[in-house]
Amino acid sequence: MRFVRWAIVVLFVAGMVALSVQPVRYHFLTDKKVAEIPDHTSYRKAMEELLPGRVRAMAEGKECGDFLIPPKGVTGMPEGLPHLLVDVRMALGSHMGWQLCVDDAVKEAMINRWDERFKLWGNMGTGREMIAHIRSQKDAAMKVRYSALCSVQALTGSGHDRRVVVTVNDEKLQSKLFDVSVSFMAPDTFKNLTARRDAALATLAAEKARAKKQLTMAGGLGAALFVYLLGWGAWAHGARKKKAAYHAYLIGEIEKREDLVRNGHYVAALELADEYLATFPKDTEIKAFKERLLDFTGGDPKKAQLAWVEAKKLAQRLAAAAPLENGRFLLADEKRDIAGLVPYHPELKTSFDRLLAMDEAAERERTAAADGRFAEVEGAFRRGDLPKGRSLLEGFLRFYPDYPAAVAMKGALSNPSGRSFTLKTGDGAHVTVVASDRLTLGRGDDGDSPDVVFADRRISRRHLSLTLDTGVLTASDLGSAGGTYVNGDAIDGAVSLGVGDLLTLSRVINFDVTCIQKSGSGATGALLQGDEGNLCLVRSKLELEFSGSRLGCAEGRVSIWRVDGTVWVVTPKSLVFPGEKSVYRVEDTLEVKEVTE
């Protein structure tokens, strides 16, 4: 900023110097003398006064009279004097004793010249009488007494540059009577000198005006510079006062540094130290304070300040010893954030570790309570009580909305899809379960897919159906080409099946009716075992037993429930809501796990 201010001053001074060049040059270096026109006789005076007067004086002195032949031309240097011959003739004609021997054309030319001279020069004294005399003269037919010659000479070294010499000769005596001469400055010379003088005067006037103008501008710049310097001085005075006040403020504020550190304001303390050292860079005490502060905060005062705040917050939470609204002592976001701040404050680590321990203990208690309550939910489903299970699940989720098993169960119940699925064991036993009142068997083709599909071409597309909708297991041939047989007899229409019956499709695929489970309302489920696989039809409930590669019906092992379109599988170890066409493996421990390949 100081450079800019000085640059402005330099610009002002440079401008004043530049504007002062012309005034100084005009007043001290410019030659104000203008070459004056030298003393001279003008052409007008020479032709109007001097030459006529001298001609008359000489002619009267010689007592000249009679006829005179005026000059017919001018010798010498008549350039630039176009009217010289006429003016000489008029000067000769000014002597009244002579009669000019001229024709009418010359007379007319002399008269016209007189008119022109009158317009240019005004009244010419005896000019009117001379013209009247010329007009009265008649053409000379008699003998001429006098003649005149005219010559022009160039002059140098004075104000006159031409001399006109008029010689009058006496023709009778054949001798020169007298000479009359007049010197003057030629009109062109006078005009050139006048123009030169006027141009020099105009140049001087222009330079004077320019010098005056630039002097005025320089004065204006000087005044502006004075005002600028006054403003600069006032600003500098104010800046010094402001700087002194700022220094006093910094000195007072730096005394608060220890209080700032004690209250955890590490960032403010460091900024204050930086600001102070920027003004007082040689204060070793504050330099040492800054280094101690950086070392204490691990080089990151902002994180250390956050750690101090969190330490105070956790200390208050420990003193209250009360969990948060969700029953925890630390929120998940708090754990993540505070873990990164622990290295920056020793008290924070102590409080954080204690709260973590309390949170873990509370979590264990909460998990145990949740597990106990969720066991009640599972118990309802194990008993096949779907409405009770739904109600208990909704109540459970209000208290434990993040419990994984409950969330998964709610998702399965909201979109039940396991109408057909497969159960198998590690020893190779497997059964296709169809949770429905009716299932169909066939080859399937052209988009027509029965519940159980066979690849044998001897099986019709829709070959057979099994139903439990009347509480009895019934087999119905669907117009198959190969026929359906029960215990070797072909059936036509619907036939009831019992345990031990042999069901044959097209005499190639056999199924034994292993068990039909019943309740008060009739058959609830049936198991059929065959060469091509095993089938379960579940109307409401079916209990199975897996023993190695063998499959049978037994209570308390694997229960398949179907209530209001919702299907689930229960074992002593598992509760599963199967997905459509999914495959599940029943472990030896009776855990049920989905097989994903």
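Predicted model: local features only at pLDDT ≥ 70, side-chain atom pairs only at ≥ 80, totals over all residues.
A salt bridge is taken here as a side-chain nitrogen of Lys or Arg within 4 Å of a carboxyl oxygen of Asp or Glu.

The domain assignment of the protein gives three domains. Domain 1 is built from two stretches, 43-102 and 141-184. The centres of domain 2 and domain 3, taken over C-alpha atoms, are separated by 46 Å.

How do domain 2 and domain 3 meet, and how many residues are in contact? On the side of domain 2, twelve residues take part, and they touch 14 residues of domain 3. Between them the two domains bury about 1000 Å², and 65% of this area lies on carbon and sulfur atoms. How many salt bridges are there between domain 2 and domain 3? The count is zero. Polar contacts, on the other hand, are present: five residue pairs, with both residues at pLDDT 80 or more, are in polar contact between domain 2 and domain 3.

Which elements of domain 2 give two or more residues to the side that touches domain 3? They are helix 12 (346-382), helix 13 (386-399) and helix 14 (404-414). Helix 14 gives the most, with five residues. By residue type, this side of domain 2 divides into five nonpolar, three polar and four charged residues.

Although none is found between domain 2 and domain 3, the model as a whole has salt bridges to show, with a count of 19. One of them joins the side chains of Glu-48 and Arg-44, with an N to O distance of 3.1 Å. Both residues belong to helix 2 (residues 43-61), where they sit four residues apart, about one turn of the helix.

Attention can now turn to the strands. Strands of a sheet pair through backbone hydrogen bonds, and they may do so in parallel or antiparallel fashion. Three bridges link strand 1 to strand 3 (residues 98-100), and the two run parallel; here Asp-66 stands opposite Trp-98 of strand 3. Strand 1 is also joined to strand 4 (residues 146-154), by two bridges and again in parallel. In that pair, Leu-68 has Tyr-146 of strand 4 as its bridge partner.

An open sheet of five strands, with mixed pairing, has the order 10-9-11-12-15. Its edges are strand 10 (452-453) and strand 15 (494-496), each of which pairs on one side only. Within this order, strand 11 (residues 464-467) and strand 12 (residues 474-477) run antiparallel and are joined by four bridges. Ser-465 has its bridge partner in strand 12, namely Ser-476.

Definitions and conventions
Residues numbered from 1 in each chain as written. Heavy atoms only, no water. Domains from an automatic or database assignment. Contact = heavy atoms within 4.5 Å. Buried area = accessible area lost by both parts, 1.4 Å probe. Polar contact = N/O pair within 3.5 Å; in protein donor to acceptor, adjacent residues only side chain to side chain. Nonpolar A, V, L, I, M, F, W, Y, C, P; charged D, E, K, R; others polar. Pairing = 2+ DSSP bridges.
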